[in-house]
Amino acid sequence: MTQETAAATTDAVLDREETISRDELEALQLSRLQHTVAYAYDRVPLYKRKFDEAGVHPADLRELSDLAKFPFTTKEDLRLEYPFGMFAVPQHEVARIHASSGTTGRATVVGYTKKDLADWAKLVARSLRASGVRPGMKVHNAYGYGLFTGGMGAHAGAEALGCTVIPISGGQTERQITLIQDFKPDAILATPTYLLTIADAMIKQGIDPASTSLKYAVLGAEPWTEEMRHELEVTMNLKACDIYGLSEVMGPGVAGEAVETQDGSHIWEDHFRPEIIDAFDPTVVLGDGEPGELVFTSLTKEALPIIRYRTKDLTRLLPGTARPAHRRMGRITGRSDDMIILRGVNLFPSQIEEIALRIPELSPHFQLELTRPEGQRMDQLTVKIERRDAVTVKGATDAAKVLQQQIKIHVGSSCTVDVVEPGSLERSNGKLRRIYDLRPKA
């Protein structure tokens with residue numbers, strides 16, 4: 001840890017709930033969980049129906065392990081209750097509404113009371129403070145504003161922490177660079193791939209990304225690897241930490257990573273109860289340390305309490321470190337609905353990123369194309385990846401062979417690697433699309 005990072009962590013004033021013991025935290029969880037389950041049953045018709053169909057009642061929740069008796073909530077439940085069927089309060093008590101893009105179906109709609117918004121801002125502030133951001137710092141917010149929860153959620157948290165917020169939103173990369181140079185922010189909030197886009201654009205303009213005022217990056221909204229962290233920290237001369245959230249549970253700030261340890265995001269368990277289930281047999285609740293699908297139950301939400309929400313994110317729960325009572329999430333290896341099954345082998349984009357960034361000639365910019373050639377029954381995977389600027393054509397050819405071999409060894413499936421020119425692949429303006437499914441539609 002650098003002296004600057006050590007100083008940033010010793011002057012933080014933590015919330016009381018960050019410092020309590022695990023026993024105190026679990027007692028608080030049980031009390032809040034019992035209230036939330038009863039509250040949802042009484043106020044949300046979907047939950048009364050689901051609980052009754054499952055043969056469970058809020059009175060059955062006597063200890064934390066009893067949560068496993070209750071049914072799951074899925075994204076499809078929220079879509080079926082569109083727009084406001086999941087709300088537990090009257091419309092006049094809903095202070096704000098957010099929604100998903102709805103690009104893969106009917107949008108999921110979430111609502112917040114004034115108390116919900118205050119709690120949300122507090123937890124984002126807690127996450128930012130854990131990641132090194134301090135009151136008085138200037139924060140460049142490049143998360144998208146609007147119905148997406150990222151921009152406004154991060155904004156409110158930075159203000160609650162006492163920061164000066166620069167609300168640039170996503171896109172307009174040249175303007176982002178101008179404001180970073182002129183306003184000299186201390187921290188940036190963005191997706192990891194969009195921060196990479198900003199760094200690349202700086203280099204093309206003749207600006208050294210390591211020369212800016214930025215000291216901290218708080219990055220989320222998409223899975224990213226330790227190799228990507230190293231790439232960004234070296235390129236931009238800053239400390240990069242993860243922030244986790246999803247709109248159905250709250251938005252950003254469900255969990256945050258501590259800058260002094262950088263070993264995974266601590267889940268703020270005074271507001272959320274996490275579980276890990278077997279993604280293929282959801283009746284099985286797994287123990288800490290075992291990989292599976294992450295499930296969340298809210299403990300304090302008023303407008304939209306959520307019970308056992310299946311996130312589709314694949315990770316594991318680990319003991320707390322910087323915040324000992326609050327368990328950590330391991331790196332998200334992918335989403336169960338982003339998993340590519342290629343000739344019987346499960347593959348995630350993050351696996352390709354991890355392997356590719358260990359090969360010096362290759363950049364972090366890649367796409368995965370799935371095809372099924374005419375007359376064949378087997379799917380084909382092509383990894384299109386950019387070479388780095390200084391790499392020759394021969395160097396790129398050699399690197400392609402190495403990547404192909406490493407994917408075969410570590411993933412267990414064959415693929416084609418196409419090394420393309422620097423700057424030729426689509427860049428992120430927020431969340432980046434990695435998978436292009438070009439197979440014929442059934």
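Arg-310 lies in strand β13 (residues 309–315); helices and strands here are DSSP runs numbered from the N terminus, helices being H or I with at least four residues and strands E with at least two. The model is predicted, so local features need pLDDT of at least 70 and side-chain atom pairs count only at pLDDT 80 or more, while totals for chains, interfaces and linings use all residues. Residues are numbered from 1 along each chain as its sequence is written, and side-chain values use heavy atoms, with hydrogens and water left out.

**Arg-310**
- Arg-310 counts as buried because its relative accessibility is 15%; buried means under 20% relative accessible area, exposed over 50%, and partly exposed in between, with a 1.4 Å probe and protein chains only.
- Leaving aside residues up to four places away in sequence, Arg-310 touches Phe-72, Thr-73, Ile-277, Ala-279, Pro-282, Glu-293, Leu-294 and Val-295, where contact means heavy atoms within 4.5 Å.

**Helix α7**
- Thr-173, Gln-176, Ile-177, Leu-179 and Ile-180 are the buried residues listed for helix α7 (residues 173–183).
- Seen down the axis of α7, these buried residues fall within an arc of 165°, so they line one face of the helix; the arc is that of the directions from the helix axis to the C-beta atoms.
- Glu-174 and Asp-182 are exposed on the other side of α7.
- The partners of the buried α7 residues are β3 (138–141), β4 (164–166), β5 (187–190) and α8.

**α7 against α8**
- The two helices α7 and α8 pack at about 80° with their axes 10 Å apart; axes are lines fitted to C-alpha atoms, for helices over the stretch in contact, and angles run from 0 to 180 degrees between N-to-C directions.
- α7 and α8 are therefore roughly perpendicular to each other; that term covers 65 to 115 degrees, with under 35 roughly parallel, over 145 roughly antiparallel and the rest oblique.
- From α7, Thr-173, Gln-176, Ile-177 and Ile-180 meet Tyr-194, Thr-197, Ile-198, Ala-201 and Met-202 of α8.
- By class, this contact of α7 with α8 has six nonpolar, three polar and no charged residues; Ala, Val, Leu, Ile, Met, Phe, Trp, Tyr, Cys and Pro count as nonpolar, Asp, Glu, Lys and Arg as charged, and the others, Gly among them, as polar.

**α10 against α11**
- Helix α10 (residues 349–356) packs on helix α11 (residues 393–410) at an angle of about 130°, with the axes 10 Å apart.
- α10 and α11 are therefore oblique to each other.
- Ile-352, Ile-355 and Ala-356 of α10 make the contact with Leu-403, Gln-406, Ile-407 and His-410 of α11.
- The contact of α10 with α11 has, by class, five nonpolar, two polar and no charged residues.

**Helix α9**
- In helix α9 (residues 226–236), the buried residues are Glu-227, Met-228, Arg-229, Glu-231, Leu-232, Glu-233 and Met-236.
- They pack against α8 (192–204), β6 (216–219), β7 (239–246), β8 (251–257), α10 and β19 (362–371).
- Asn-237, with a positive phi near 55°, follows α9.

**Backbone features**
- Tyr-82 and Pro-83 are joined by a cis peptide bond with omega about 0°, and Pro-83 lies in the loop between α4 (75–80) and β1 (96–99).
- Ser-169 is not a glycine, yet has a positive phi of about 70°; Ser-169 sits in the loop between β4 and α7 and, at 18% relative accessibility, counts as buried.
- Lys-184, in the loop between α7 and β5, is a residue other than glycine with a positive phi near 50°.
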